[in-house]
Structures are given as structure tokens and as C-alpha cells.
Amino acid sequence: MSPAPTRPRGADDDTRQLFLERRRRARWSPWRWVAGVVVALGVVAAALWLVFFSSVLAVDEVEVRGADVLEAADVRAAARVPEGRPLARVDVAGIERRVEALAAVRDATVTRAWPDGIRIDVVERVAIAVVVRGTTVQGIDADGVAFRTYEEAPTDLPLVELGEDADTEAVVEAARVVAAMPAATAAQVASIAVTSVDQIDLSLRDGSRVVWGSAEDSDAKGEVLSVLLAQDDLDVEEYDVSVPARPTTR
């Protein structure tokens with residue numbers, strides 16, 4: 001009989017090494033998974049610390065946009081942004097509330113400007129008329145909110161003249177009247193006399209008078225008055241639009 005073939009010794013060694021390597025990998029696989037989880041948690045923890053607790057991404061600048069009536073410094077003072085606090089922990093809603101508490105601010109939007117800034121965008125109120133209280137001339141917006149003062153009454157804005165019994169609601173009604181008019185019509189109004197919320201009269205810059213009545217149906221009244229004023233052939237001293245469906249002139 002011929003002798004059985006023998007495997008080369010080197011092949012046995014290679015097989016043994018492969019077997020041992022597989023056993024070693026099987027033994028360390030769970031630990032590799034644990035190590036991977038630990039590393040991942042470490043990265044997350046470091047990122048959270050960086051964003052929420054470190055000074056790397058802390059507030060260092062406050063930018064104000066849209067301020068015209070107000071000084072940017074006044075907006076920053078009202079905002080009370082906590083400089084040095086991590087940007088992610090800044091209460092932007094609280095800043096918005098504080099800025100909107102300023103009389104001249106109609107709306108405010110606060111955003112984080114990464115990596116280290118807060119941006120405050122303000123929409124200011126726009127004066128559509130002025131009212132004199134004592135010696136103070138105040139500008140009021142379309143909601144009747146007095147938000148700014150003037151040294152002298154602007155000549156391009158209607159002057160609200162309040163009767164002795166007129167209250168804050170009367171100012172609101174006067175503002176509603178001006179806001180309801182087309183801009184070209186409002187520009188022709190010199191003053192608005194508010195005896196009460198139901199008795200409002202306008203004086204136009206050409207010397208004529210407008211009986212407005214109450215602030216009800218002001219949109220319709222404004223449109224009717226615009227049509228009447230556009231009729232250049234009329235020589236009118238008084239327009240009565242208190243009942244807009246039946247206006248009269250005199």
C-alpha cells in the first residue's frame with residue numbers, strides 16, 4: 001500500500017491561527033459594541049456641554065434691526081439679553097415680550113444668530129395722527145396707541161382735538177377714522193374734532209368741514225368722501241357722510 005498523503009505542516013499552522021483569530025474576535029465583539037456606545041455617548045455629552053454649558057457658543061453680540069423712532073440702545077436695554085449665557089439657553093420668547101412692551105414697538109422677532117449673536121427685528125408703530133395732551137404732542141398709530149412725542153405737531157398729520165368729555169376711547173375712534181381713509185384723503189385732513197365717540201367732525205386743509213358721525217362704517221365713509229373730494233366742480237363748505245349710503249353736501 002502506498003502511504004497516506006500528508007498535509008504540509010504550514011497548512012496546519014495556518015488553520016490553527018485562523019481558528020484562534022476567530023475565537024479572539026468572537027470573545028471581543030461584545031466589548032467592541034460597548035466601547036462604541038461609550039464613545040458615542042461621550043461625543044453626545046461633549047456636544048451638549050459645548051452647546052448648552054460652555055462659553056464657546058455664548059452670547060457676545062446683540063444686533064437690532066428696524067429701529068427708527070427708537071434708538072438701538074433703548075431696544076437693547078429693554079431686551080435685557082443675558083450676555084455670556086450659552087446661546088441655546090437664551091429665552092428668546094422672553095426677550096420678545098420685553099421688547100414689545102416698548103410703546104413704539106408693534107411687533108418684535110428675536111432669533112439666535114449662531115455662533116454667538118442675538119438678532120432683534122422690530123416693527124415700529126407708524127404715526128397717522130397727533131393728539132395734544134397738556135403741553136405734550138403725541139403721535140398715535142392706527143390702533144390709537146400714543147407711542148412718541150414731538151416738539152411741534154407735524155404739519156402733514158391730522159391733529160386730534162378732544163372735547164372735555166372725551167376719553168381714551170375717543171382717541172382710538174379718531175385713529176380708526178384716519179386709518180379707514182385712503183392715504184390721499186387722509187392727507188387732506190387738517191384736524192379731527194372728537195366731542196364724543198358718536199360725534200366726530202373733520203376739518204379739511206381747504207377750509208371745508210366733514211360731518212363724520214361715529215367711527216362706525218368708517219371704511220365706507222372714507223370711500224364716499226374720496227369720491228366727493230374728487231369732484232373738482234363742487235364748491236362745498238360741508239360734506240356729511242355720517243350716513244354713507246346718503247351723503248350730502250352744502
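This is a predicted model: local features need pLDDT of at least 70, side-chain atom pairs count only at pLDDT 80 or more; totals for chains, interfaces and linings use all residues.

Me: How many helices and strands does the chain have, and what makes a stretch count as one?

Reply: There are six helices and 12 strands. Helices (H or I, at least four residues) and strands (E, at least two) are DSSP runs, numbered from the N terminus.

Me: How are strands β6 to β12 known to belong to a sheet, and in what order do they lie?

Reply: Two strands pair if DSSP finds at least two bridges between them. Nine strands form an open sheet with mixed pairing, in the order β6-β5-β4-β7-β8-β9-β10-β11-β12. Strands β6 (146-150) and β12 (248-249) each have a single partner strand, so they stand at the edges and one side of each lacks a neighbour in the sheet.

Me: What makes β9 and β10 a pair?

Reply: Four bridges join β9 (residues 199-204) to β10 (residues 209-213), and the definition asks for at least two; the two strands run antiparallel. Within this pairing, D201 stands opposite V211, and L202 stands opposite V210. The hairpin of β9 and β10 has four residues between the strands, and G207 there takes a positive phi near 100°.

Me: In which sense do β10 and β11 pair?

Reply: They pair in the parallel sense over three bridges. V210 has Y239 of β11 as its bridge partner.

Me: Why is β10 called largely enclosed?

Reply: Buried means under 20% relative accessible area, exposed over 50%, and partly exposed in between (1.4 Å probe, protein chains only). Four of the five residues of β10 are buried, so the strand is largely enclosed by the rest of the structure. Of the 250 residues of the chain, 34% count as buried.

Me: Which helices lie against this sheet, and how are their directions described?

Reply: Helix α4 (residues 168-180) lies across β4, β5, β7, β8, β9 and β10, and runs at about 140° to β8. Helix α6 (residues 218-229) packs on the sheet as well, touching β9, β10, β11 and β12, with a direction at about 160° to that of β10. Contact here means heavy atoms within 4.5 Å. Axes are lines fitted to C-alpha atoms, for helices over the stretch in contact, and angles run from 0 to 180 degrees between N-to-C directions.

Me: Why is the contact of R125 and D141 called a salt bridge?

Reply: A salt bridge is a side-chain nitrogen of Lys or Arg within 4 Å of a carboxyl oxygen of Asp or Glu. The N to O distance between R125 and D141 is 2.7 Å, so the pair meets that definition. R125 lies in the loop between β3 and β4 and D141 in the loop between β5 and β6, so the pair ties together parts 16 residues apart in sequence.

Me: Are R125 and D141 buried or exposed?

Reply: R125 counts as buried at 17% relative accessibility, and D141 is buried at 1%.

Me: What other salt bridge does R125 form, and which network includes R125?

Reply: R125 also forms a salt bridge with D143, the closest N and O atoms being 3.9 Å apart. D143 is partly exposed, with a relative accessible area of 39%. R106, R125, D141 and D143 are linked in a network of salt bridges. A search of the whole structure finds 10 salt bridges.

Methods. Residues are numbered from 1 along each chain as its sequence is written. Side-chain values use heavy atoms; hydrogens and water are left out.
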